[in-house]
Amino acid sequence: MLRYVLLGILLILIARAFWRVIDGVIEAAGGRPARVSSRRTPQAVRLVRDPVCGTHVAPSSALQVVADGRAHHFCSETCRSEFLKQQRA
Ligand SMILES: [Zn+2]
């Protein structure tokens with residue numbers, strides 16, 4: 001019985017060491033382990049600047065306009081129409 005307990009502990013230790021190595025390899029390759037990025041989701045969201053008022057917005061929830069082959073993001077409809085007005089001028 002004790003032998004199986006020790007064997008189980010040994011397997012857990014090996015598995016943990018193994019995952020630490022895998023994480024190291026992923027980080028070395030330039031990526032980020034999924035476990036780390038999911039832990040800090042709020043800061044991990046890349047923000048873009050509203051060119052009209054300067055507010056930083058999350059692209060997923062912002063209003064978007066594609067002009068000159070570039071996507072611009074806006075905090076509100078007001079900023080978006082202001083930008084479009086400037087584009088036309
Ligand atoms: Zn704005």
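The following paragraphs go through a predicted model, from its confidence to its fold and then to one histidine. Local features are reported at pLDDT of at least 70 and side-chain atom pairs only at pLDDT 80 or more, while totals for chains, interfaces and linings use all residues. Numbering starts from 1 along each chain as its sequence is written.

The protein has a mean pLDDT (the predictor's confidence in each residue, from 0 to 100) of 86, and 87% of its residues reach 70 or more. Among the elements, the lowest mean pLDDT, 57, belongs to helix H2 (residues 34–39), and the highest, 96, to strand E2 (residues 56–57). Where pLDDT is low, the coordinates should not be read in detail.

Four helices and four strands make up the secondary structure; helices (H or I, at least four residues) and strands (E, at least two) are DSSP runs numbered from the N terminus. Their order from the N terminus is α-α-α-β-β-β-β-α.

Strand E3 (residues 63–67) and strand E4 (residues 70–74) run antiparallel and are joined by five bridges; strands pair if DSSP finds at least two bridges between them. Gln-64 has His-73 in E4 as its bridge partner. E3 and E4 form a hairpin with two residues between them, and Asp-68 in the turn has a positive phi of about 55 degrees.

His-56 lies in strand E2. His-56 counts as exposed because it has 12 C-beta neighbours inside 10 Å; the cut-offs, for C-beta atoms placed from the backbone, are 12 or fewer others within 10 Å for exposed, 20 or more for buried, and partly exposed in between. The C-alpha atoms of His-56 and His-73 are separated by 9.0 Å, with the two residues 17 apart along the chain.
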